[in-house]
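Subject: Structure handover

Hello,

Please find the structure below. My notes on it follow.

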Amino acid sequence: MPQSFRLLVIPIAVVVACSVAVTAVIVASRAPVLVNVRSATTASGIDSAILASGDATVSKKPDLALLNAGIESRASTAATAQSDLATKVAKLIARIKSLGVVDKDLSTSGYWIGPEYGSTGQTITGYRAGEQLQVKWHNVDTVGRTLDAIVQEGGATNISIGFGLSNPKAAQAEARALAIADAKAKAQAMASAAGVHVGQVIRVSDVSIIRTPYPYTYGAALAAPDKAVTQVPVGDLDVQVSVEVDYSIA
């Protein structure tokens, strides 16, 4: 090994005591590290390791739209507000199901009823009831027409929409494989510069940040367009994975 290359030698007691801290530093810095640490199984042997991180992003077109359709009712009594809401929701559900939505793709995500107060905050002026329905729509290319039907014919007054993947694990697995390949390329470049060779994989860790599968974009109530179909550009979703891979030095 060239004399100009210096290895970091850490006693096993320090390695064991500081293993958590070392991992945290690697995640924060994301920089590959070449280290030598004393073996936990031998008293005097030295185990060499290359610590590398890898990142990858896979872009996929969403194949699932998640719609939240809300409807409200106001009345002088709670019972009247609730009864009126039930009538409106029944109409909305009927319209949603007429679009081909099956029961397992339609659920209630929220329901509320309560008093409304006047300007002083002490006098009850009426009651407000509301319900939020969640719809899984599996044809993202027609989501604009679906929104029009839910608002204009179903009576929904508040809409939010987000896009996702029906099988996100497949995209994550693809990105993970690319991230591991990225880590290996970094390790090989570092080993080449140090005049050594990459050996077997010692450890692999997935340090990705877990993200919400359906990134919602909430919007205000939709105004009924003049016979124009609502345009909802879909775009691509980025699935990001980060890994850490430890290699022995051959």
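V204 is partly exposed because its relative accessibility is 45%, where partly exposed lies between buried (under 20% relative accessible area) and exposed (over 50%), computed with a 1.4 Å probe and the protein chains only. V204 sits in strand β8, residues 198-206. Together with I180 and V201, V204 makes up a nonpolar patch on the surface, with about 230 Å² of accessible area in total. Such a patch takes residues with over 30% relative accessible area and no salt bridge, joining nonpolar side chains (Val, Leu, Ile, Met, Phe, Trp, Tyr) within 5 Å and like charges within 9 Å; a salt bridge is a side-chain nitrogen of Lys or Arg within 4 Å of a carboxyl oxygen of Asp or Glu. Accessible areas are Shrake-Rupley values with a 1.4 Å probe, and for residues only the protein chains shown count as cover.

On provenance: this is a predicted model, in which local features need pLDDT of at least 70 and side-chain atom pairs count only at pLDDT 80 or more, while totals for chains, interfaces and linings use all residues. Residues are numbered from 1 along each chain as its sequence is written, and side-chain values use heavy atoms, without hydrogens and water.

Overall, the protein has 4 helices and 10 strands, in the order β-α-β-β-β-α-β-β-α-β-α-β-β-β from the N terminus. Helices (H or I, at least four residues) and strands (E, at least two) are DSSP runs numbered from the N terminus. Of the 250 residues, 32% are buried. The accessible surface is about 14300 Å², with 56% of it belonging to carbon and sulfur atoms. Among contacts (heavy atoms within 4.5 Å) with a separation of 6 or more, 80% join residues 24 or more positions apart.

Helix α3 (residues 143-153) is largely enclosed by the rest of the structure, because 8 of its 11 residues are buried. These are V143, G144, T146, L147, D148, A149, I150 and V151. Their cover includes β4 (64-75), α2 (78-98), β6 (124-137) and β7 (158-164). After α3 comes G155, with a positive phi near 90°.

E174 belongs to helix α4, residues 168-194, and is partly exposed at 38% relative accessibility. Beyond neighbours within four places in sequence, E174 contacts V58 and K60. V58 is 116 residues from E174 along the chain, yet their C-alpha atoms are 7.4 Å apart. With K60, the side chain of E174 makes a side-chain polar contact at 3.0 Å. A polar contact is a pair of N or O atoms within 3.5 Å; within protein, one must be able to donate a hydrogen and the other to accept it, and residues adjacent in sequence count only if both atoms are side-chain atoms.

Regards
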